[in-house]
Amino acid sequence: MEYVVAAVILLVVLIVGAVGLVVPKMRRRDLPPPPTAGSTTTLERPPTAPEAPVEEELPPLIERPEPAAPVVVEEPPAPVVEEKPALERPEPSAGRLVRLRARLARSQSAFGRGLLSVLSRDHLEEEDWEEIEESLITADVGIEATQVIVERLRERVRILGTKTVAEVRAQLVEELVAALEPDMDRSLKTAPHDGRPAVVLVVGVNGAGKTTTCGKIGRVLIGDGGTVLFGAADTFRAAAADQIQTWGERVGAETVRGPEGGDPASVAFDAVKRGIDTNVDTVLIDTAGRLQNKVGLMDELGKVKRVVEKHGPVDETLLVLDATTGQNGLEQARVFTEVVDVTGVVLTKLDGTAKGGIVIAVQRKLGIPVKLVGLGEGPDDMAPFEPAAFVEALVGGDA
Ligand SMILES: Nc1nc2c(ncn2[C@@H]2O[C@H](COP(=O)(O)OP(=O)(O)OP(=O)(O)O)[C@@H](O)[C@H]2O)c(=O)[nH]1
Ligand SMILES: [Mg+2]
């Protein structure tokens, strides 16, 4: 029995051993031969069956809903942008009188032509000088000023023995310029100082051009890079405040206004206060037109100025005179000056009159410089007053 068991075990061992030797050999035979060094090897790929396209539908990674029918999203209506008037930026004011000269010359040409025709005579007789005098008086130079000018001119012609028309004309121009006192300070005090805005008060009779002048000055100041606030101290009519406010909206200046029929002094006071608080450069106060012989209204104007001065002195009080009112302007200027101490004159509507000589009369009579001239209704039709350019335009021609 023992022999049988031993024989069986031996047989099993032999069989296992034989299998262990044969199977690895069979596997090794399946492998491709190792590449020999230096030979080019083309990798042989075992022929593979062409891959059949995977038809199988893979489940989508992200569950996507079936595309829904396009939903028309209603766009919210575009916000209504309120059309603000585009801010206007005027050109700097330098050299304006030269640009507007043609306009002045056009209206003055009658005066200039008259003078030139007299001056072109060979010899100036007594009546020729009288004619020159008349031309000047007609142009509102004023009797007194005219007499002085003509007297000086005659003297020069006599002493210098002036012969030619061009020479007499040149001398007349010189005399007129001299009569305009070219050395007077015509600068507008509109620059802020002591940490507060400059305050400009604009006064005059009805319809002289005060509101327009405020607007034009505001435009110039803003055009030159400054900031401006308007005080609508004409509380008689709502339309008056609207008028100045419109100017403000066009150039980007705030307007302080009060109730219709309210106290103009308090509106003016509030305007200056607001100007101080908002740190603007210049506050321009437009006042209601008033006749110089209405005592109550002139008192009211005095009060406007006094109340404003609680904030500090007014820097400029501009009297707006309509050039077409002629010598009557002198009386207006005298009374206004007594009430509010006018520091400068703005002569408007010079484009529509041949009476530009009023400039000379105003300055001589009152010693107040004409600082600005109005030469039209347009927003830029205003110029600093320059005596030489003005006289050239007044006399006309370039001879
Ligand atoms: N041709 C011309 N018209 C001007 C000039 N300045 C003002 N005007 C016109 O004169 C009219 C009166 O001007 P306003 O500025 O309203 O005068 P105002 O002094 O404020 O008038 P009130 O407030 O009613 O006293 C307007 O039609 C202006 O367009 C100017 O230099 N030339
Ligand atoms: Mg007005």
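**Figure 1. The protein chain as a whole.** A residue counts as buried when its relative accessible area is under 20%. In this predicted model, buried residues make up 42% of the 399 residues in the protein chain. Its secondary structure comes to 13 helices and eight strands. If you look at contacts between residues at least 6 apart in sequence, 76% of them join residues at least 24 apart. The chain exposes about 23000 Å², with carbon and sulfur atoms supplying 58% of that area.

**Figure 2. Inside the largest nonpolar core.** Nonpolar side chains tend to be buried together in soluble globular proteins. Here the largest nonpolar core holds 90 residues, and Ile285 and Leu347 touch the most other members. Helix H6 (residues 165-179) gives this core its largest share, six residues. Zoom in on Ile285 and, with residues up to four places away in sequence not counted, you will find it touching Val199, Val200, Leu201, Val202, Cys214, Gly231, Ala233, Ala268, Val272 and Val308.

Figure 3. Is Glu175 buried or exposed? Its relative accessibility is 3%, and because the limit for buried is under 20%, Glu175 counts as buried. The side chain of Glu175 makes a polar contact with the side chain of Arg156, at 3.2 Å. Leaving aside neighbours within four places in sequence, Glu175 is in contact with Ile149, Arg152, Leu153 and Arg156.

**Figure 4. The surroundings of ligand 1.** Which residues come closest to ligand 1? Of the 19 residues that surround the ligand, the closest are Lys210, Thr211, Thr212, Asp351 and Glu377. Helix H7 (residues 210-223) contributes the largest share of this shell, four residues.

**Figure 5. Polar atoms facing the oxygens of ligand 1.** A backbone N or O atom of Gly209 lies 2.9 Å from an oxygen atom of ligand 1, and a backbone N or O atom of Lys349 lies 3.0 Å from an oxygen atom of the ligand. From Gln243, a polar side-chain atom lies 3.0 Å from a ligand oxygen atom. On its own, ligand 1 has 660 Å² of accessible area, and the protein covers 79% of it.

**Figure 6. The annotated segment at residues 369-382.** An unreviewed UniProt entry places the feature "domain: SRP54-type proteins GTP-binding" at these residues. Over residues 369-382 the chain is 0% helix and 43% strand. The end C-alpha atoms of the segment are 16 Å apart.

Methods:
Residues are numbered from 1 along each chain as its sequence is written. Chains are lettered from A and ligands numbered from 1 in the order in which they are written. This is a predicted model: local features need pLDDT of at least 70, side-chain atom pairs count only at pLDDT 80 or more; totals for chains, interfaces and linings use all residues. Side-chain values use heavy atoms; hydrogens and water are left out. A nonpolar core is a set of buried Ala, Val, Leu, Ile, Met, Phe, Trp, Tyr and Cys residues joined through side-chain atoms within 4.5 Å. Buried means under 20% relative accessible area, exposed over 50%, partly exposed in between (1.4 Å probe, protein chains only). Helices (H or I, at least four residues) and strands (E, at least two) are DSSP runs, numbered from the N terminus. Contact means heavy atoms within 4.5 Å. UniProt positions are given in the numbering used here, feature names are shortened, and annotations may be inferred rather than shown by experiment. A residue is near a molecule or strand if one of its heavy atoms lies within 4 Å of it. A polar contact is a pair of N or O atoms within 3.5 Å; within protein, one must be able to donate a hydrogen and the other to accept it, and residues adjacent in sequence count only if both atoms are side-chain atoms. Accessible areas come from the Shrake-Rupley method with a 1.4 Å probe; for residues, only the protein chains shown count as cover.
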